[in-house]
Amino acid sequence: MELILAIGIGVLAGSGVFLLLRPRTFQVIVGLSLISYAVNLFIFSMGRIRLNAAPVLNPAANDPALYTDPVPQALVLTAIVIGFAMTALFLVVLLASRGFTGTDHVDGRER
Amino acid sequence: MSFLDHLIIMPILLPLGAAALTLLFDETRREVKAGINFAATILLIAIAIALLVQTDAVTREGTELTITYRLGNWPAPFGIVLVADRLSAIMVLLTGILGINALIYSMARWQAAGPHFHMLFQMLLMGLNGAFLTGDLFNLFVFFEVMLAASYGLLLHGSGVLRVRAGLHYIAINLAASSLFLIGVSLIYGVTGTLNMADLALRIPHVPANDLGLLHAGAAILGIAFLVKAGMWPLNFWLPTTYAAASAPVAGLFAIMTKVGVYIVLRLTLLLFGEHAGASFGFGQTFLLIGGLATIAFGTVGVLASQSTGRLAGYSVLVSSGTLLAAIGMGDRAVTGGLLFYLVSSTLTISAFLMLVELVERARVAGADVLAVTMEAYGEDDEDLEHEEEVGVVIPSTMAILGVCFALCGLLLSGVPPFSGFISKFAMLSAVLQSEDAASPIPASTWWLIGLLIISGLASLIAMTRTGIATFWATLEGPTPNVRVIEIAPIAILIVLCLGLTVAGGPVLHFMDLAADALHTPTDYIEDVIGTTPAASAGGAS
C-alpha cells in the first residue's frame, strides 16, 4: 500500500513538474492540477496510512488506535476546495491571455 | 466577555462583511461601494489602533504578553486560535494605513477601470489581517489563499495585455508556491502531530533525532513558499514585472504583500527555531542571511539598470525585502528592533513611491523614454478612462509638488539623513556592530551586510536622481500632467507619516525594541497561547 501510494504521488508530481515547465498555458494548468493532486495525496499520507478505520470517533470505543487521523482528511478537503477554485480562476486568465495575445504561449508571444 | 475581548477578530470579520455588502450594489452605484469601502477601512484603522493600545497595555501590566482568542472557545492545541502581540498589531495597523491611502488614490479614476474593485480590495485586507493574526499554520494557508485570490483579481484590475501577461506568471508562480506551502505544512504535521504554532514550538525540542531531518525539510519547504512571496533571490524574477504592471493603487497596496512573507518568516524562525529549540536552534538563519544579501545585491543592480520608474520601484521593493531577510538572518535581539522600524518605514515609503510612479509617468512626454514599457499600458488606459468622470480638483503647480514628493521618496528610499529611512538603517547597523563581543573580530557576513546596505542606498540615490532629472528638469515644454488633489493627498499622507516616524523616532524605536524582545522570548508567547510552560509538557512527538 505504501509503495503504491508513494509511486502514485511521485508519478503525479513528476508529470506535474514536467508540464509546469512547458511553454503552453494549457500544459501549465494541467501540470498545476496534477501537482495539486499529488499534494493532496501527500497530505493524506501524512496522517499515516491506515486501512478500514473510520476518522469519526465513536463514544462507545474510546481507544484512539482504532481510528485513522481525521485532521489530514479535513486539511485535504480544504486544500481540494481552494485548489479547485484557483484552477478555475487560472483558467479564466488563460483564456483572457489567449484572447489578448492570440497565442497560447505563456509569455504571450512565440519565440 | 465584553466587546473588547472580541476586538481581535474584528480585523477579519469587518472586511469580510464590507466585501459582502459591496456585492449587493450594482456597478453603476460606485459611490455607495466606495463609501462602504472607505468607512470599513477607516473603522479598520480605528480597530487596529485599539488593538495596538490593548496589546501594549496587557504587556505593561505584566500579566500576559499576547491577546489570545479561541475561536469557538476550544482549548488551544485543538481549536484554532488568533493571537495578537505588538508585532501583529503593528502589521494590522500598517495594512489599514496603506489600505486607506490606496483607496483614496483609487477614487480619482482607477476604481472605475473594472468591476468589483472594492469587493476585492476588502477581501485582500481580510486575507492580510488574517495572516497577521492567526496562530495556526493551516489557518495561515487559508488566509494566504484568500489574500492571493483577491490579489489575482486586483492585479488584473484595469485589464490590458501587460496585466494579463504579468498576471498569468504571477498566478502560476503563486499556485506552485501554495503547493509547496501545503507539502511543508503536512510534513511538519506528520512529524510533530500539531499545526498550532505555539504547540509546535513546544514539541520541536522533543522531536527524536532521526525525525529531525524530515522536520527541517518540512520547515525549509514551507519557508520557500514564504520566500517566494517575500521576493528572495532567486525566487523573485516575477516581482518587478508584476508590480510595474499593476494599476497604481493596487501596487500601493501590494507593497505590504511582500512584507507578509517577511513577517511569517520572522515569526516562525524566532518562534520555532529560537533559543529553546534544542537541536534545531538557529535553523535556516545562515540561509536567510546569505539569501538576503544576494537579494540586496540583485535589487541594487536592478535599481541601477531600470529604464522605467515602475521597474525602479519594483527593484526597490526587492532591496527592502533583502535587507529585512538578511537582518532576520542575523538573529540578534537589537537588530530585530531596528528591522521592525525599517519594515514600517520602508513599507510606507515604497507604497507612496509605487503610487507616485504613475503620476510621474503621466508627466513624461510620450516616446521620450523608448524603453519605458509601462508607458504603453498607461497610455491605453488614459484613452479608455477619458470619458469617465474624474473626481477632485486639478491642482496648480503640479510639477513642483510632484517633484517635492519624488525627492522626499528618494531620500527616504536611499536612507539619507535626516529621514526615517536613515534612522532605521542606522538602528540596524549600530546594533549589528554592537552585538558582537568587543574582543572578537566582527565576522565577514556583518561587513557584507554593512557594505551592501550602504551601496544599495547609494544606488537608490543615483537611480532616483537620474530619473528625477530626466522627468522634472528635461520636459519643461511638455504638457502639464493632469493630477488631482485626491491623487497626491495619499502620497503626501504616507510621506508625512514617514516624517512623523523620524520626529517620533525615539519612542517608536523603543516600542519596536519591546516587540523584538517579545519575539526573541517565545516562551511567554507559548505560555499565553497554550496555558502551560514548556517544561510542564514533555509530550514529545506523536
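**View 1. Where chain A meets chain B.** In this predicted model, 30 residues of chain A touch 28 residues of chain B. The size of an interface is often given as the accessible area lost when the parts come together. Here, chain A and chain B bury about 2,500 Å² between them, and carbon and sulfur atoms give 81% of that. Polar contacts do turn up: the rule finds five residue pairs across the interface of chain A and chain B, both partners at pLDDT 80 or more.

View 2. Two helices of chain A, α2 (25–45) and α3 (70–101), each put at least two residues into the side that touches chain B. The top contributor to this side is α3(A), with 15 residues. Sort the residues on the chain A side by type and you get 21 nonpolar, five polar and four charged.

**View 3. A salt bridge within chain A.** Over all chains, the count comes to five salt bridges. One to zoom in on pairs the side chains of A:D104 and A:R24, at 2.8 Å from N to O.

**View 4. A nonpolar patch on the surface.** Three residues, A:M1, A:I49 and A:L51, make up this surface patch. As for A:M1, look for it in the segment before α1 (2–20) of chain A.

View 5. A:R48 isn't a glycine, yet its phi is positive, at about 70°. You'll find A:R48 in the loop between α2 and α3 of chain A.

**View 6. A cis peptide bond in chain B.** Which two residues does the cis peptide bond join? They are B:W233 and B:P234, and omega is about 0°. B:P234 belongs to the loop that runs between α8 (209–230) and α9 (238–245) of chain B.

Definitions and conventions
Residues numbered from 1 in each chain as written. Chains lettered and ligands numbered in written order. Heavy atoms only, no water. Contact = heavy atoms within 4.5 Å. Buried area = accessible area lost by both parts, 1.4 Å probe. Polar contact = N/O pair within 3.5 Å; in protein donor to acceptor, adjacent residues only side chain to side chain. Helix = DSSP H or I, 4+ residues; strand = E, 2+ residues; numbered from the N terminus. Nonpolar A, V, L, I, M, F, W, Y, C, P; charged D, E, K, R; others polar. Patch = residues over 30% accessible without salt bridge, like charges linked within 9 Å, V, L, I, M, F, W, Y side chains within 5 Å. Areas by Shrake-Rupley, 256 points an atom, 1.4 Å probe, with all protein chains shown as cover. Salt bridge = Lys/Arg side-chain N within 4 Å of Asp/Glu carboxyl O.
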